[in-house]
Amino acid sequence: MFPMVNTNPENPVDLGSSMEMMILLVTLFFFQAAGRWESQLYPRWSVPGILGYNLALVLGGLGCRYLLELGEVSNTYNFTLGNVALHLTLTTVAATASYAFHCRRRK
């Protein structure tokens, strides 16, 4: 799912706006569902605790993705500061907000 939106202007791959929107929505829906699952698995965790957990999971996934494509040209235009920051922010916030919402709703 990375990069869900490529912010690099030198990106040679143009998926078109409708495909980019679909990838963005599917990514956000997935992380919303992940937060819901976390609320069932870890109902007693604090929101800052689950935020750290989600951040660690996303960072681990990005690290594995980088190593998987190590040496490929795609890493030069996918792993930019903007793409990584956007991915970390949106996915972590989506999962954590969903967790908090579902934990409060259950009470």
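Author: A salt bridge is counted where a side-chain nitrogen of Lys or Arg lies within 4 Å of a carboxyl oxygen of Asp or Glu. Side chains of opposite charge can pair when their charged atoms come close. The model discussed here is a predicted one, and by this rule the count in it comes to 1 salt bridge. That salt bridge joins the side chains of Glu69 and Arg65, with 2.8 Å from N to O. As for how far the two partners are covered, Glu69 has a relative accessibility of 13% and therefore counts as buried, being under the limit of 20%, whereas Arg65, with a relative accessible area of 22%, is partly exposed.

The protein has 4 helices and 0 strands, and its elements run α-α-α-α from the N terminus on. Along the principal axes, the C-alpha atoms fill a box of roughly 50 × 30 × 20 Å. Of the 107 residues, 34% are buried, and among the contacts with a separation of 6 or more, 78% are between residues 24 or more positions apart.

Helix 2 spans residues 47-68, and within helix 2 lies Asn54, which is buried because its relative accessibility is 4%. The side chain of Asn54 makes a polar contact, at 3.0 Å, with the side chain of Thr96. Beyond residues up to four places away in sequence, Asn54 touches Glu38, Thr92, Ala95 and Thr96. Thr96 belongs to helix 4, which covers residues 81-106, and at 7% relative accessibility Thr96 counts as buried too. The side chain of Thr96 also reaches the backbone oxygen of Thr92, at 2.8 Å. Apart from neighbours within four places in sequence, Thr96 is in contact with Val47, Ile50, Leu51 and Asn54.

The largest nonpolar core consists of 8 residues, which are Phe2, Phe31, Val58, Leu62, Phe79, Leu88, Ala94 and Ala95. Helix 2 and helix 4 each supply at least two residues of this core, and helix 4 gives the largest share, 3 residues. Ala94, one of the core residues, touches Leu28, Phe31 and Gln32 when residues up to four places away in sequence are set aside. Phe2, another member of the core, is joined to Pro3 by a cis peptide bond, whose omega is about -10°. Pro3 itself lies in the segment before helix 1, the helix formed by residues 17-41.

Technical notes: Residues are numbered from 1 along each chain as its sequence is written. This is a predicted model: local features need pLDDT of at least 70, side-chain atom pairs count only at pLDDT 80 or more; totals for chains, interfaces and linings use all residues. Side-chain values use heavy atoms; hydrogens and water are left out. Buried means under 20% relative accessible area, exposed over 50%, partly exposed in between (1.4 Å probe, protein chains only). A polar contact is a pair of N or O atoms within 3.5 Å; within protein, one must be able to donate a hydrogen and the other to accept it, and residues adjacent in sequence count only if both atoms are side-chain atoms. Contact means heavy atoms within 4.5 Å. A nonpolar core is a set of buried Ala, Val, Leu, Ile, Met, Phe, Trp, Tyr and Cys residues joined through side-chain atoms within 4.5 Å.
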